[in-house]
Structure formats: structure tokens, C-alpha cells
Amino acid sequence: MIEARHLRVLRAVAGTGSFSAAARELGCTQPAVSQQMKALEQSAGTPLLIRTGREMRLTQAGEALVRHAAGILAGLTAAEEEVAAIAGLRAGRVRLVSFPSGSSTLVPTALAAMRAAHPGTRISLVEAEPPRSVEMLREGDCDVALAFRYGGDGDGRGSAAEWEDLVVRPLLTDRLVGLVPEGHRLAGAGRVGMAELADEPWIAGCPRCRRHLVEVCEGAGFTPRIDFATDDYPAVVGLVGAGLGVAVLPELAVESVRAKGVSTLVVEPAVEREVVALTLPDLARVPAVAATVAELERAATR
């Protein structure tokens with residue numbers, strides 16, 4: 001295998017015409033230059049220099065290698081500089097995927113902080129709900145996934161098994177709140193038990209949220225009558241505000257929507273979801289990815 005350090009020595013010998021002059025240029029000893037040239041010729045499998053007295057002349061193979069060495073060494077230098085820039089957060093790219101209410105609450109603060117601290121790092125954002133966002137992470141379509149999980153998701157062990165191959169950074173606990181029209185009989189109650197909403201028409205959210213709503217309602221002793229279902233949180237709020245039903249939404253979602261014509265209620269018993277940042281173990285060691293996750297953590301505490 002031809003090594004870059006050997007190519008540098010070859011170029012120095014070709015440029016100066018002798019081992020001793022090359023040694024002075026490289027700041028090493030003449031025997032060291034001789035040893036490296038010998039190693040390079042062994043790797044190449046053919047002589048590269050013709051020694052005539054104190055002068056050195058390149059063979060045809062040596063001339064070819066010197067000709068290619070310039071481009072090889074220039075490319076390697078550029079690669080080293082680019083890697084150093086990425087490692088030092090002077091450059092780099094992070095692909096972030098987030099669920100919508102996270103995109104409108106946590107993500108803007110985190111990305112603004114990243115741009116201020118590391119302007120050379122480019123961050124892109126696309127939206128997807130879990131489990132699709134987690135699939136995108138595993139498929140290599142993103143570097144960080146902002147996701148959530150409800151207690152009791154999956155196989156009875158929550159999402160621990162679902163995410164066991166990932167680096168999971170908890171960000172916050174997002175409590176679900178009840179939404180009823182302003183003129184509803186419970187609008188001024190402040191708190192509501194799920195069982196009190198048993199006879200109401202329901203407006204449900206994303207598929208995972210919808211499944212969890214059914215589980216919570218069944219735990220309270222009833223099956224909800226879902227009249228409308230939409231992944232769009234503003235649409236949920238609008239439908240409730242129009243008097244078409246009731247809903248429960250995460251606080252992050254309510255925070256991200258201008259809630260007109262609705263009253264919010266504390267749901268009892270508490271229904272919560274955990275909001276997390278996910279990445280792969282190898283990606284977690286990439287400085288730009290680690291910095292992005294750290295800024296998401298800071299955004300969650302504000």
C-alpha cells in the first residue's frame with residue numbers, strides 16, 4: 001500500500017535531486033529518507049529512482065507516481081482540512097426530522113442557537129411523526145430525530161425495545177390537556193376526568209396519538225366516538241372551537257397553535273408523553289450532531 005508520507009518524500013527527492021537535499025527540505029535525516037524511499041519502491045513493486053553518484057533520476061514509474069502525487073496529496077490535504085473544520089464545528093451538516101409541534105416550539109430556539117454559535121454548520125429540517133421519523137433515522141435519511149413516546153406504547157415495555165439500538169436523549173415530559181368548546185358545560189371547570197367526556201364526540205390527532213387516545217379512554221371505561229381525525233393540530237383546535245367535538249392534545253401542540261374558541265382543561269389522571277431526541281451511536285460522536293442535540297436539550301428547559 002502506497003502511503004502519503006512516502007509520496008511526500010518522493011516529491012521532495014524528485015524536486016531536489018538527492019536524498020540529502022530532500023532530508024533538509026523535510027526536516028529529517030538522510031537515512032530516514034532512504035528508508036522511506038525503499039519502502040515506497042517495495043510497495044510499488046518496481047524501482048522509482050536511478051541512482052547515479054550523488055544524483056537521482058526518476059524512472060518512468062517514478063515520473064508517473066510523482067505526476068499523480070500532486071493531486072493525491074492536494075486531495076488528502078483538502079480532506080484533512082474539511083474533516084478538521086467539521087470536527088471543530090466550523091463546517092458540517094445535520095439533517096433533523098421532527099414532529100410538527102416540536103418543529104414549531106423546540107426546534108426554532110435550538111436552530112437559532114446553533115446558527116449563532118456555529119454559523120458554518122448547515123441544518124436541514126423535515127417533518128415526520130414517529131414511527132416514520134425513527135425509520136428515517138435508521139435508514140440514513142436523517143441524523144437526529146425529534147420524537148415522542150407514550151407510556152404503554154408497543155409491547156408493554158413502552159418504546160424501550162423499539163429504541164434500544166439508538167441513543168435516546170430525554171428532553172421533556174409533555175402533558176396532554178383537554179380541549180372543549182368555549183360554550184361547553186365543562187368549559188370553566190379547570191379540570192376534567194376522562195370519564196366525564198365519555199358521551200362526547202371526539203376529534204383525534206395523528207395515528208399514534210389516536211391509538212393512545214383510545215387506550216386512555218378504554219382505561220377510563222369507555223370507547224370514544226371519533227367523528228373526525230386529522231394530523232393537523234390547528235385543524236383539531238378549529239374543529240373543537242366550532243363546537244364539533246372535544247379533544248386532548250399535548251401542551252406543545254396547544255402552545256404552537258392560536259387556540260380560538262376553545263377552553264383548555266387539566267386532564268385527570270395525568271396523561272403524558274415523553275419527548276426525546278434520537279440519534280445513532282456513531283452519529284452521537286459527530287460534533288455537529290452532538291451540538292444540535294445539546295441545543296434541543298437547552299431549548300426544552302426554557
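Student: How many cavities of 30 Å³ or more does a search of the whole structure find?

Tutor: One. A cavity is a set of points on a 1 Å grid over the protein atoms alone where a 1.4 Å probe fits but cannot get out. This is a predicted model, where local features need pLDDT of at least 70, side-chain atom pairs count only at pLDDT 80 or more, and totals for chains, interfaces and linings use all residues. Residues are numbered from 1 along each chain as its sequence is written, and side-chain values use heavy atoms, with hydrogens and water left out.

Student: How much space lies in the largest cavity?

Tutor: About 100 Å³, a volume being the space filled by probe spheres set on the points.

Student: Which element gives the largest share of its lining?

Tutor: α7 (207-219), with four residues. Lining residues have an atom within 4 Å of a point. β9 and β11 (247-250) each supply at least two. Among the lining residues are Tyr-150, Ile-203, His-212 and Pro-250.

Student: And by class?

Tutor: Nine nonpolar, two polar and one charged.

Student: Switching topic: is Glu-200 buried or exposed?

Tutor: Buried, with a relative accessible area of 13%; buried means under 20%, exposed over 50%, partly exposed in between (1.4 Å probe, protein chains only). Glu-200 sits in the loop between β8 (191-193) and β9 (201-204), strands being DSSP runs of E, at least two residues.

Student: What is Glu-200 in contact with, leaving aside neighbours within four places in sequence?

Tutor: His-184, Arg-185, Arg-225 and Val-246, where contact means heavy atoms within 4.5 Å.

Student: Which side chain makes a polar contact with that of Glu-200 at 2.9 Å?

Tutor: That of His-184. The Arg-185 side chain also makes one, at 3.2 Å. A polar contact is a pair of N or O atoms within 3.5 Å, one able to donate a hydrogen and the other to accept it within protein.

Notes: On a 1 Å grid over the protein atoms alone, a cavity is a set of points where a 1.4 Å probe fits but cannot get out, and a pocket is an open set with protein on both sides within 12 Å along at least five of seven lines; lining residues have an atom within 4 Å of a point. Ala, Val, Leu, Ile, Met, Phe, Trp, Tyr, Cys and Pro count as nonpolar, Asp, Glu, Lys and Arg as charged, and the others, Gly among them, as polar.
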